[in-house]
Amino acid sequence: MPEIKVTPLGAGQDVGRSCILVSIGGKNVMLDCGMHMGYNDDRRFPDFSYITQNGRLTEFLDCVIISHFHLDHCGALPYMSEMIGYDGPIYMTHPTKAICPILLEDYRKITVDKKGETNFFTSQMIKDCMKKVVAVHLHQTVQVDDELEIKAYYAGHVLGAAMVQIRVGSESVVYTGDYNMTPDRHLGAAWIDKCRPDLFISESTYATTIRDSKRCRERDFLKKVHDAIERGGKVLIPVFALGRAQELCILLETFWERMNLKAPIYFSTGLTEKANHYYKLFITWTNQKIRKTFVQRNMFEFKHIKPFDRTYADNPGPMVIMPGYCVQGTVGHKILSGQRKLEMEGRQTLEVKMQVEYMSFSAHADAKGIMQLIRQVEPQNVLLVHGEAKKMGFLKEKIEQEFSINCYMPANGETVAIVTNPNIPVDISLGLLKGDSTLGPVPDPKKPKLMHGTLIIKDNSLRLVSPDQAVKELGLSEHHLRYTCKVQIQDHHSEQDTLNRIYNHLKNILKDYPIQHLPDGSVMVESILIKISAMSEDQSTKDVLVSWTYQDEELGSYLITLLKKGLPQSIAL
Amino acid sequence: MLSFSAVGPTPSPGLSSEADVISPELLHILHIFHDLLVKGKDNFSYSWRMESEYVELLPRVCAVLGDSGQSVVDDTCLEKLLDCFQAITKNETELYILQRIPCLTHIIVNIPKQRDLNPSTLSFIMRLTGLFAASENYFHELENDGILSSLFGSPASLGSETWEEATVRCGWLLGIQNMLQHEAVIQFLCKYDCIDEIIRLQKDPSIFVASTASQLLANILSFSLQCSELASLGNGSKVQLNDTVAALHSVNWSDCVYAITGHIEDFLKSGVTSNIQQALKLLSKVSGTNYPVAIVSLWPKIEGSIKLLLKGDLTGIGQPLTKLFLNVSRTVPCDVLEPKIWDLLSLLLRLLNQAEALTLASGILKLKNCPQSLRMQAATTLFQPLNYIITVTSVQPEEDTVLLDASSNYRADIEHRLSRKSACINLLCQTLSHLLELLQMPSQKIELPYQALIHSVLTVLKLCIGTAIPTTSAGVSISRHLIGCIKVQRAGIDVLGAIPQWAGRIKEVNSALKLLLDYIRNPDTDSTVLKKALQALFHWMLHCIEAGDSPALEPTLKEFLDGDFFSVMKKRLFDVHWEIRDSALEFLGQLCFQFKEVESFCRLIGSCGIPHLVLELLSDPESYVRASAISALGKMNYLSPNWQTLPNENSVTVMKGNILPHLLDILNQDTEGFPRRAAVKVLADWLKNSHMLSSCELDNFVPIILKIGSNDLDWEVKVHSLELAEAFIDQSSSNSLISPYAVSLSNSTHSAQVKVLLQTLCDAGIFIILFHALWDCDRPVAQKACEILMKLKRITPGADSSQIHNKPNGHKPNRESFAEWLSSSNFNLQNVSDVMEIMIALDLEFQHQQLVRSSDHIESSLRSLLQDILAAAENSEDSGADCY
């Protein structure tokens with residue numbers, strides 16, 4: 001039976017980096033190629049040696065698909081394509097292709113400029129990698145080769161994020177990447193066809209969380225900001241430049257307008273500015289409200305929010321709001337975990353006096369959203385990635401219970417094999433269809449119909465044709481196979497008379513069947529032939545030879561049972 | 001018995017009694033800790049405060065690890081903690097660390113006993129125990145106390161649920177791997193039947209576990225045999241491999257070795273493909289270790305089974321057999337094994353199907369001491385698919401276009417494979433990628449038939465774009481498979497581009513150039529293929545130039561360039577895809593730089609209108625393209641000066657004098673970093689590599705560019721600006737006959753010359769830029785400025801060590817205090833004596849030491865890690881689910 005195999009090299013029971021290998025219909029597809037932000041050495045990249053022993057990734061992989069521009073989904077791409085040497089196709093959406101190099105450059109800046117690493121991918125490598133990328137549109141079916149096709153769907157989460165359906169023949173897999181099932185202020189909710197894939201690979205960051213109302217969280221955020229400003233303080237929001245920055249900018253801008261606030265809002269120049277440019281460029285990827293009001297007012301042109309200038313810099317306190325995750329080994333992580341003293345360069349120690357608030361604004365589907373999407377897609381199997389093991393376990397049980405389907409949650413390096421039912425399309429010849437319908441009654445669409453034909457494989461296609469046509473097309477000569485059985489009956493009449501008695505007996509019983517007495521003395525019912533031969537020693541015992549084709553197997557068996565019971569005395573000659 | 005000191009769950013606010021007195025051993029450990037974790041070892045002096053904090057923090061972290069209710073931040077913390085201990089135990093055979101920080105022993109002993117232990121923590125403990133048990137003394141202590149047996153004895157003792165976690169199984173294997181440093185470990189493994197478990201784990205559902213298990217078995221086998229060798233031959237004696245093996249056969253091997261070899265023998269004979277694969281993989285790993293004795297010792301036990309395997313069905317075992325044979329032939333001298341490894345390789349090459357044989361053939365061709373006959377056999381195998389294509393696509397192939405002579409029989413499966421589309425594409429891609437690997441090797445072990453190779457690759461590439469007309473039905477079928485196939489196009493062009501470096505005089509130059517131009521011209525050519533075609537074309541053009549005897553254009557190349565090459569390139573420069581425009585620009589820049597001395601080329605490019613188009617691309621909407629256009633123009637300026645004087649309107653517009661304002665505009669106005677980087681880099685290169693700028697341009701433009709560039713927000717623009725400043729300094733100093741690399745001479749002439757130089761630099765505003773950049777927030781910028789200043793300081797009179805930083809205003813190294821110091825001292829950076837005074841006062845060496853360290857050296861230090869673990873444990877609010 002065909003199988004779909006899935007091996008996570010990352011995102012298997014963790015949220016470190018996404019890199020999932022899917023083998024489907026003889027094709028190997030790499031879903032995302034992320035890096036682990038927690039490491040500064042080779043461990044940050046997936047170890048591809050586990051999937052190809054000879055290091056020939058280009059030969060092994062049929063394509064790589066990147067779901068969105070976050071580094072834990074695309075950060076290892078230049079490493080894979082320019083340092084390991086993968087030379088095959090890479091697919092991502094247009095916004096992802098536009099924004100990816102910005103993120104990769106920023107990451108390179110941190111690694112090379114700030115941390116001083118030298119053995120790292122260069123700007124040229126990032127460019128060369130991006131030149132290998134094939135950009136795809138939403139709902140566009142892309143033919144990777146003759147057998148493999150992919151199709152992207154809107155995933156929300158961040159600008160350009162996509163879910164992807166991978167199809168080889170009748171087998172299919174849907175990979176969600178990161179997605180959001182509730183629209184936020186600048187992006188819409190994820191959506192996909194009811195495509196009933198064999199396997200649905202879903203992220204599960206919030207596997208056990210039913211998130212509080214977004215409105216409450218926003219109100220809470222604005223209240224905290226407002227209170228701090230009312231007290232004469234300042235608020236620092238170290239937010240990731242792409243995605244949440246725009247979400248919070250829109251939130252603050254709207255609030256400022258409503259409350260008629262005058263306090264200035266600044267955002268740092270550089271990435272955020274550049275990011276706003278891309279949001280304007282790819283406005284069709286944002287939510288309905290933004291798209292509708294775009295002509296009157298572009299929501300990414302902020303009235304109250306101005307680019308930050310270094311001359312404004314002074315002590316930013318008294319509050320810092322961290323709207324997202326910070327990796328171990330960063331100042332953000334220390335502040336967030338409650339450390340009040342920070343050692344700085346030159347043996348200086350800074351005391352954290354400001355108020356620190358953590359508020360999650362990350363755009364992932366919660367448990368309800370994940371269930372909702374599964375309900376929408378109707379998959380045969382579910383596989384969870386990008387989540388914590390314990391929480392995944394909980395969600396897995398819930399999915400299996402509610403949908404009565406298998407749910408898997410492999411750890412990194414573990415392979416899950418899912419058996420699929422092959423659905424092979426076969427063409428039926430018109431001749432066979434017509435021939436069959438003339439024989440039987442009017443076809444009933446509610447009842448299955450048994451059809452006899454010959455399956456031929458020619459020119460890579462399967463066709464069901466009549467045996468005659470098959471013989472003709474393949475240039476073969478026809479042979480008939482018959483089954484023969486001998487039954488002994490007691491009848492004192494002559495051989496001819498016995499045969500007449502059989503003929504009459506069958507005519508009485510099988511009223512609807514054409515029964516013929518052939519000139520050679522044998523009796524024929526459909527394809528069944530009956531002959532008599534007398535036993536030499538005992539004239540009253542006759543051997544009845546019955547032979548039939550496989551099509552009349554049922555009738556043949558019935559006749560034998562009948563003859564074994566013997567002929568009734570009342571039958572005339 | 002070990003003695004364990006109890007570790008309290010809550011840390012005391014002060015120092016522990018043990019930490020109050022720090023012994024030299026502990027100090028030593030702490031120094032190692034610090035050296036290893038703080039990147040860029042420096043002369044940073046240790047303070048007692050820091051060390052005592054380590055001592056305080058480690059027990060508290062141990063307490064956190066021991067508290068099953070508390071969760072550690074994430075697995076990366078434990079991994080990083082293990083890195084530290086690994087580094088320590090590498091240097092510390094006496095394990096002072098355990099004597100001084102007894103809580104480490106405590107966690108090894110007590111944590112595994114806990115219920116509901118986090119699998120990651122248990123895995124960490126196992127690996128940590130393994131690290132410490134690598135010390136034989138400590139191993140015995142742990143064993144006597146039953147700790148090793150409870151952790152590594154039987155997996156059953158850990159509980160089936162725990163063992164189900166892949167991370168625990170991995171920790172178990174890595175723990176054993178860590179301790180595998182002395183013979184006592186081997187005895188331990190035998191005693192507790194660990195080998196059977198490791199053998200089982202080779203089939204683990206986790207590829208990480210399975211691979212680790214296989215590697216561990218190979219390591220145990222090698223290590224165990226090394227121990228036996230040591231026992232039989234003693235230490236230090238140098239003997240031949242055969243003698244060592246003979247000596248090993250005369251002694252008793254450990255039970256571990258018997259168990260592993262028994263397993264290999266059984267599996268090789270099992271007849272079950274997966275078992276045979278597993279045994280072959282293990283043997284490959286054994287032969288891959290740096291101990292050839294191991295595989296040679298095993299060989300007599302397995303060669304019978306291997307021979308039998310070669311007589312049977314090779315389905316599924318071809319690849320592992322290939323790997324094993326190649327590994328053996330690399331590590332073991334050829335005459336040691338019987339049957340000879342070359343015979344086995346030759347036999348396997350004959351038996352494998354074409355697809356699998358390619359890998360083996362390619363491997364053989366890379367071997368160093370392989371017999372020529374085997375090499376020829378391998379080459380024949382490698383060429384067969386291409387040769388088949390030549391045969392079925394040509395009416396009567398010419399003699400030198402056929403890769404193999406008629407007597408070479410094709411493998412049975414070639415025709416079949418090439419008749420099916422996906423198999424045909426895969427086979428060709430494999431063949432071409434192996435060929436490319438061969439061509440990319442620094443030297444060739446065999447003389448390849450380049451002429452025929454080129455012909456065959458050209459044929460394949462022609463089939464891919466439909467310009468070859470096959471003459472046979474098989475050829476037609478192959479051409480149907482290949483037409484438009486990007487995969488084969490990419491692989492084929494790569495090979496075509498790699499041939500010219502090896503081939504001498506080539507007959508097919510014309511055809512190659514024409515075909516590559518066809519690809520470049522074809523609007524359907526994929527952008528990745530086009531990029532490769534341009535690269536290949538560059539190599540062929542270079543070949544033409546190198547093959548010619550004179551600096552003039554070789555006739556074939558001239559004919560090619562006189563054709564429609566430039567018009568095709570012009571079209572590509574305005575392609576709708578930015579990837580193509582960019583590749584075309586990169587190619588043209590490369591070409592111009594390489595052919596800068598070839599006058600006829602310079603004239604051709606000058607008159608074809610391309611420079612004008614490149615100039616237009618400076619305003620391309622895509623920043624990558626703008627940057628490439630700048631680089632290309634920069635390189636075009638190296639062309640022989642004649643081209644710029646042609647009476648052609650287009651070429652005149654791009655004369656260097658006109659490019660400079662463009663570069664300045666880009667630097668001033670471009671919103672993207674790439675073009676600005678490219679602009680400064682071009683100028684820096686001009687100044688560095690040749691005297692491309694006139695003294696007038698130097699005086700007029702360089703100070704302006706430096707000023708704009710050094711105030712840029714992009715760190716690379718700033719670094720390139722400093723490179724420009726450095727080139728300016730070098731040029732100015734060469735004009736004044738002073739080498740900035742020379743040690744300063746204290747004579748008055750020299751002093752006067754230096755002052756003239758420094759005044760020139762002052763006038764150009766170089767010192768304002770350098771002193772500003774010295775405190776830049778981007779480290780590489782500050783580092784570069786510091787290096788330039790150090791170089792200048794060396795030639796500055798009076799800047800010898802005795803006079804360094806003896807100024808009363810000993811300033812702290814930061815931007816604010818430096819600026820304050822400058823203004824309070826009324827320094828004028830246009831004044832040479834003020835500049836000299838500042839340089840003398842600055843402790844640039846110290847500054848440089850600070851700058852070479854990474855910016856996160858504090859956050860990536862052990863102390864920071866320990867603090868983070870503690871903070872995460874104290875603040876275990878559920879915010880970990882969040883991510884990007």
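1. In this predicted model, Asp714(B) caps the N-terminal end of helix α40(B), with a side-chain oxygen placed 2.8 Å from the backbone nitrogen of Glu716(B). The helix itself covers residues 715-735 of chain B, and its 21 residues reach 30 Å from the first C-alpha to the last, close to the 30 Å expected at 1.5 Å a residue. Of these 21 residues, 18 are buried, so α40(B) is largely enclosed by the rest of the structure.

2. Turning to the interface, 73 residues of chain A are in contact with 69 residues of chain B, and the two chains bury about 6,200 Å² between them, with 46% of that area on carbon and sulfur atoms. Between chain A and chain B there are 31 residue pairs in polar contact, counting pairs with both residues at pLDDT 80 or more. On the side of chain A that touches chain B, at least two residues each are supplied by β1 (3-10), α4 (94-114), α5 (123-131) and α10 (331-336) of chain A, and the largest share, eight residues, comes from α4(A). By class, that side of chain A has 16 nonpolar, 28 polar and 29 charged residues.

3. Within chain B, Arg521(B) deserves a separate look. Its side chain meets that of Asp518(B) in a salt bridge at 2.9 Å, N to O, and both residues lie in helix α28 (residues 509-521) of chain B, three residues apart, about one turn of the helix. An α-helix has 3.6 residues a turn, so residues three or four places apart point the same way. Arg521(B) counts as partly exposed at 38% relative accessibility, whereas Asp518(B), at 16%, counts as buried.

4. Arg521(B) also forms a salt bridge with Asp564(B), at 2.8 Å from N to O. This pair links distant parts of the chain, 43 residues apart, since Asp564(B) sits in the loop between α30 (555-562) and α31 (565-573) of chain B. Asp564(B) has 32% relative accessibility and counts as partly exposed. Elsewhere, salt bridges that share partners join Lys109(A), Asp113(A), Lys114(A), Lys718(B), Asp776(B) and Asp778(B) into one network.

5. In chain A, the side chains of Asp41(A) and Arg43(A) meet in a salt bridge at 2.7 Å, N to O. Asp41(A) is partly exposed, with a relative accessible area of 32%, and Arg43(A) likewise counts as partly exposed, at 27%.

Definitions and conventions: Residues are numbered from 1 along each chain as its sequence is written. Chains are lettered from A and ligands numbered from 1 in the order in which they are written. This is a predicted model: local features need pLDDT of at least 70, side-chain atom pairs count only at pLDDT 80 or more; totals for chains, interfaces and linings use all residues. Side-chain values use heavy atoms; hydrogens and water are left out. Helices (H or I, at least four residues) and strands (E, at least two) are DSSP runs, numbered from the N terminus. The expected span of a helix is 1.5 Å times one less than its number of residues. Buried means under 20% relative accessible area, exposed over 50%, partly exposed in between (1.4 Å probe, protein chains only). A polar contact is a pair of N or O atoms within 3.5 Å; within protein, one must be able to donate a hydrogen and the other to accept it, and residues adjacent in sequence count only if both atoms are side-chain atoms. Contact means heavy atoms within 4.5 Å. Buried area is the accessible area (1.4 Å probe) that two parts lose on being put together, summed over both. Ala, Val, Leu, Ile, Met, Phe, Trp, Tyr, Cys and Pro count as nonpolar, Asp, Glu, Lys and Arg as charged, and the others, Gly among them, as polar. A salt bridge is a side-chain nitrogen of Lys or Arg within 4 Å of a carboxyl oxygen of Asp or Glu.
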